[in-house]
Amino acid sequence: MASAHDAQRMGETPTWVPEDIIGNMTLKSLLFSNDYRHIAIKGILTSIVMLGLGGLMAILFRTELAVPDVQFFGARPYMQLMTLHGMFMVFGFIIPFVIALNYYMMPKVLGTGRLLWAGAAQWSYWLLIIAAVFLIIARPDFTWTFYPPMSLRVGGDLVYLGYLAVLLVAISEFLAGAVLMRNGWEAARRLSWSKLPLMGWGAISEGILLMGSTPILGLVGIYMFTDWMQITAMFDPARGGEVMTFMFMFWFYGHPAVYLPLMPAIAVLYTLLPRFLGRPIWSYWSAVIAFSMLTVLGFIVYPHHFQPAENVVGPLQRATQILTLAIFIPSTLHVFNWIATLWSDPIPKSARRAIPFKFIIAAIFFLMLGGVTAYVNAQIATDSDFVHNTYFVPAHFHAMFVGFMANMAMAGAYYLYPYFTGRMFNQALANTHFWFWQIGIFSKVTLMYYLGYVYFPRWVVDYLPLDQWAMPQMMLTGAAYLIGLGFIVFVINFMWSATRGRKADTDPWAVSDDAVSSGASAQPAE
Amino acid sequence: MESALGLSGYQATMMIIVFVVLGAGISALFLALFLPARWRLKYWMEIAFVGLLIGVVWYGDKRSAEVYGAYQEEMSNAGILDEPAIDGAEGFDRELKVIAFQWGFAFLTDENEISRNAAVVKPGERVLFRIFSNDVIHGFNIPAAGITAEFDPGKERDVWIRAPQEPGKYLIQCLNYCGIGHAQMKAWLVVEGAEA
């Protein structure tokens, strides 16, 4: 159902030309240039390194978890790995990755031609690097949610660097939000709101989420630091503080935080799907409504993260349940829109061959797998039984983070590869990566759901040798290895193809129904 | 397995709904990808579909509130949710004070007998746990009884269960990360033989 504005709403027609940006840049331009292409490439490369580090940590502690009892790590190194895995994956890999994709795509799609406020994006990047270094030095073991007073009493002498890292992450994300907001706003001003490409709506939603929530995270970081220095006693009940203050402040950031990688990933999906199909998205306004609702709900559903605590009772508890359940409305609007777009006309053969398109389909699949079970997560009665802090919760957010957002990040990376290197990646290796990941992620998520259903606790280095726990844990470790293997294939493919891959065509993703495409064929056409 | 929250029927219903909706979504995705027939959906279909799901969500909210409300009512009838809480609440067969600490649980009976790692109860009893933490945030979960609570230091938290009918040892575990001993923070719910 196309409307007159649809062509414009898809963004500018591709003036994208494959070029060897990576081959032609110097180290200096990569590190300090404010050119949006260099900032984006730097963000993506760093995120891939972070993904590798975070993944390596996961492989290490999954090896420990494969069988009951403690084999390789004591509790402290295990928890250090667990904590850094969470922080690297969320703050270091997935949020910067999808934001970097937006940095690269926005100037082209929104027609601004350059990234406005690129200096802020530069600062955002370097503050995050400092935060990562702080975390590696401090090696905290208090999980990424660092609940006081536990987190104030563990971690050794350098743990304050961990609190400062939280503050730096907050500032870094605030700056990134300002950049996205600025660019989305500029495009809306130029094109008018009704013709703003969906990437612009995504950027504005993301900007509101980032700039609204990160100041509170910054305050949490500061108070944790001053509490630890014994200057204040905000969160320490032993000295008159209040743990619930922390809960409400932290999760006011913590819930928007899980939408921070979601919004740009959805924006990338709305940008790429029409390009592969060669037709506009099914309903523009349904997507706009969904973006807006998700932004508003993102700020008010956060008490569901600590629902079985005694302070979330009565009307607050019921309101939290209803609002949390209401998240299904924007999510359904998004997914319905994508499926309706796919169904409306034949899917070109070129799309079926394209690796990014495959990753997009997998991402939609996992968004449903992770989203529908939230029906159970949101309900107080089930949350007070087998959901809260069992593996059911990690199952839900791994389906979202890995299944949806990481798959979308990969879709973006494969899509942009010819524009960054001037060459195509190897199709067979990319397919291998795709299937390793999808089989691995599906097994992992399903097994985690099952383990949660049988009350397997989060954050444990050791567990009882119960039949219903030990076998799924072993298989889960296998699934993690498969995902790790897929990542290695991905890295080898990208490094090898950067110099030896087939030269990309003028339009590597041309829509066509030929049996063999000019763009993404498996046969080298050189 | 009879749980205090009365979950069995309600929970099964919710899981069936999840599987049905998920199945419908995944089928739609695969049909859109592989079915030769193409279908241009109308806008009202999206509104109708969201309306249908609003019904499903309304039902989930209603059932959850009923089930959890009934569970809480047992405690509010006994007066233990009042401030200040009544000691020795009527309506429960057994009352145990639980002290959660880094890292373990201690159980204190009416007669001030203390046990470091076992809550001893009779089959099918209604047991009230009045839980305190003296250091950090802990969790209290009994899988066999289907109940989880999270509680802050310095405040009392009450939960109650129906003890399993089968005599035996049932796991009690902390579900909230509370420091490096978290994985060891376990105790046992011991259900004695049914002679009494």
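A:Pro149 lies in the loop that runs between helix H6 (118–138) and helix H7 (160–191) of chain A; helices (H or I, at least four residues) and strands (E, at least two) are DSSP runs, numbered from the N terminus. The structure is a predicted model, in which local features need pLDDT of at least 70 and side-chain atom pairs count only at pLDDT 80 or more, while totals for chains, interfaces and linings use all residues. Residues are numbered from 1 along each chain as its sequence is written, and chains are lettered from A and ligands numbered from 1 in the order in which they are written.

The peptide bond between A:Pro148 and A:Pro149 is cis, with omega about -5 degrees. A cis bond also joins B:Gln102 to B:Trp103, with omega about 0 degrees. B:Trp103 is placed in the loop between strand E1 (94–101) and strand E2 (104–108) of chain B. Most residues other than glycine have a negative phi, and most peptide bonds are trans.

Burial was assigned from C-beta atoms placed from the backbone: a residue is buried if 20 or more other C-beta atoms lie within 10 Å of its own, exposed if 12 or fewer, and partly exposed in between. A:Arg139 has 19 C-beta neighbours inside 10 Å and therefore counts as partly exposed. A:Ser192 counts as exposed because it has 11 C-beta neighbours inside 10 Å.

Chain A as a whole has 20 helices and zero strands. The C-alpha trace of chain A spans about 65 × 50 × 50 Å along its principal axes. Of the 526 residues, 61% count as buried.

Helix H11 (residues 284–300) of chain A has 17 residues and should span 24 Å at 1.5 Å a residue; the end C-alpha atoms are 25 Å apart, which agrees. The expected span is 1.5 Å times one less than the number of residues. Buried residues of H11(A) include A:Tyr284, A:Phe291 and A:Leu294. In helix H4 (residues 36–65) of chain A lies A:Lys42, which is buried, with 24 other C-beta atoms within 10 Å. Leaving aside neighbours within four places in sequence, A:Lys42 is in contact (C-beta atoms, placed from the backbone, within 7 Å) with A:Leu30 and A:Tyr125.

Chain B is divided into domain 1 (7–77) and domain 2 (94–191), with bounds that come from an automatic or database domain assignment. The C-alpha centres of these domains lie 34 Å apart.

The contact between the chains takes 62 residues from chain A and 57 residues from chain B. H13(A) gives the most to the chain A side, with eleven residues. By class, this side has 41 nonpolar, 13 polar and eight charged residues. Ala, Val, Leu, Ile, Met, Phe, Trp, Tyr, Cys and Pro count as nonpolar, Asp, Glu, Lys and Arg as charged, and the others, Gly among them, as polar.

Notes. Two residues are in contact if their C-beta atoms, placed from the backbone, lie within 7 Å.
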